[in-house]
Amino acid sequence: MDNPPTLSPRLKALADLVPVGKTVADIGTDHAALPIYLVELGLISAAVATEKAAGPYRVALTQVQKSGVAHRIAVRLGDGLTPLEEGEAEVIVLAGMGAGTIISILEGDPGKSSSADRILAQPMAGSEKLRAWIREKGCLLNEEIVREGGRLYEIEVFRTGRANEVFPAMAWARSLPPEWRTGAGMALIFGLGPILLAKRHPLFPALLEEKIRQWERILTVLEKGRGGKIGQKKEELLSRLQLARRLHNCWSEETPVR
Ligand SMILES: C[S@@+](CC[C@H](N)C(=O)[O-])C[C@H]1O[C@@H](n2cnc3c(N)ncnc32)[C@H](O)[C@@H]1O
């Protein structure tokens, strides 16, 4: 290969989470960089790249045609999982979209979502909402954080639709000291990333600092408001902030949560 393909750190982190040899569907592929990289390097043998918008669909088609692996990547136009056949993809990637869009794509076709062995999701916003959804509807398998251009991106690896599946992150969280097993402590840990915590991800403190700053900004806005609901929201946010600050303070100790 004259020029081996390269990816940005965010897309490379996603590529690294794709098991070798699986069939992949990249939903909302835009430039199709991820499937082209995986197929060109021989990490997977075939992929489907989909787009709901005509412009990015044409870009994906052009990029795939220019690559040397056009015969192995099907580019399809359509919303969410509609362009896929059930069971066609062992791995479904949903990257660069909001958590709400990711959830509505998966809920739009539960049969196709649960036919994948694993789903890789990289939300641009709303990772806590996505984790809450995974906790209710699926099984969290892995988590990653990657820094690109001064920004942190979170990646969730999970599968959906299998009842009574053991949730590894849940088992880890149950082994924590009692105070972190209460409603608020558990909700915080599951919102921020139980696997990130369990594996002591080196970028977790930086991510936590970002969230703390974000919640402090929201609290400042809420402080100006009045009314019963606002008061309740303020109290919830304040107790979440206190827990998050404690989590940050005890990060350097050997046990991540005390
Ligand atoms: C910011 S780009 C991300 C591209 C690529 N996945 C990445 O991570 O670099 C988001 C893309 O998702 C597409 N998209 C958004 N909602 C979609 C949906 N419901 N079905 C398919 N594609 C969608 C958009 O058209 C857009 O091209």
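Author: Start with Tyr153. Leaving out residues up to four places away in sequence, Tyr153 touches Arg10, Gln122, Val146 and Glu148. This is a predicted model.

Reader: What makes Arg10 count as touching Tyr153?

Author: The test is C-beta atoms within 7 Å, placed from the backbone. Arg10 is listed among the contacts of Tyr153.

Reader: Why is Tyr153 called buried?

Author: The cut-off is 20 or more other C-beta atoms within 10 Å. Tyr153 has 24, so Tyr153 is buried. Tyr153 is in strand β7. The C-alpha atoms of Tyr153 and Asp79 are separated by 24 Å, and these residues are 74 apart along the chain.

Reader: Why is Arg200 called exposed?

Author: Exposed takes 12 or fewer neighbours. Arg200 has 12 C-beta neighbours inside 10 Å, so Arg200 counts as exposed. Arg200 sits in the loop between α9 (194-198) and α10 (204-223). The phi of Arg200 is near 45°, a positive value in a residue other than glycine.

Reader: Why does Asp30 count as partly exposed?

Author: Asp30 has 18 C-beta neighbours inside 10 Å. Buried needs 20 or more, and exposed needs 12 or fewer. Asp30 falls in between, so Asp30 is partly exposed. Asp30 lies in the loop between β1 (24-27) and α2 (33-40). Phi of Asp30 is near 60°, which is positive in a residue other than glycine.

Reader: Which residues are closest to the ligand?

Author: Asp30 is one of them, with Gly28, Lys52, Ala95 and Gly96. In total, 17 residues surround the ligand. The cut-off is a C-beta atom within 6 Å. By class, this shell has seven nonpolar, six polar and four charged residues.

Reader: Which elements supply at least two residues of that shell each?

Author: They are β2, β4 (91-97) and α4 (99-108). The most comes from β4, with three residues.

Reader: How do you know that β2 pairs with β3?

Author: Pairing needs at least two bridges. Five bridges join β2 (residues 47-51) to β3 (residues 73-77), and the two strands run parallel. For example, Glu51 has Leu77 in β3 as its bridge partner.

Reader: What makes the β-α-β unit here right-handed?

Author: Point the strands away from you. The path from the first strand over the helix to the second must then run clockwise. The unit made by β2, helix α3 (residues 54-66) and β3 is right-handed.

Reader: Which residues of helix α8 are buried?

Author: In α8 (residues 183-192), they are Gly185, Leu188, Ile189, Phe190 and Leu192. These buried residues pack against α6, α7 (168-174), α9, α10 and α11 (228-249). Just after α8, Gly193 takes a positive phi of about 125°.

Reader: What are the bounds of the domains?

Author: The domain assignment gives domain 1 (9-165) and domain 2 (171-249). Their C-alpha centres lie 28 Å apart. The contact takes 11 residues from domain 1 and 11 residues from domain 2.

Reader: Which elements give two or more residues to the side of domain 1 that touches domain 2?

Author: They are α6 (127-137), β6 (138-148) and β7 (151-160). The largest share, five residues, comes from β6. By class, this side of domain 1 has four nonpolar, one polar and six charged residues.

Note on methods
Residues are numbered from 1 along each chain as its sequence is written. This is a predicted model: local features need pLDDT of at least 70, side-chain atom pairs count only at pLDDT 80 or more; totals for chains, interfaces and linings use all residues. Helices (H or I, at least four residues) and strands (E, at least two) are DSSP runs, numbered from the N terminus. Ala, Val, Leu, Ile, Met, Phe, Trp, Tyr, Cys and Pro count as nonpolar, Asp, Glu, Lys and Arg as charged, and the others, Gly among them, as polar. Domain bounds come from an automatic or database domain assignment. Two residues are in contact if their C-beta atoms, placed from the backbone, lie within 7 Å.
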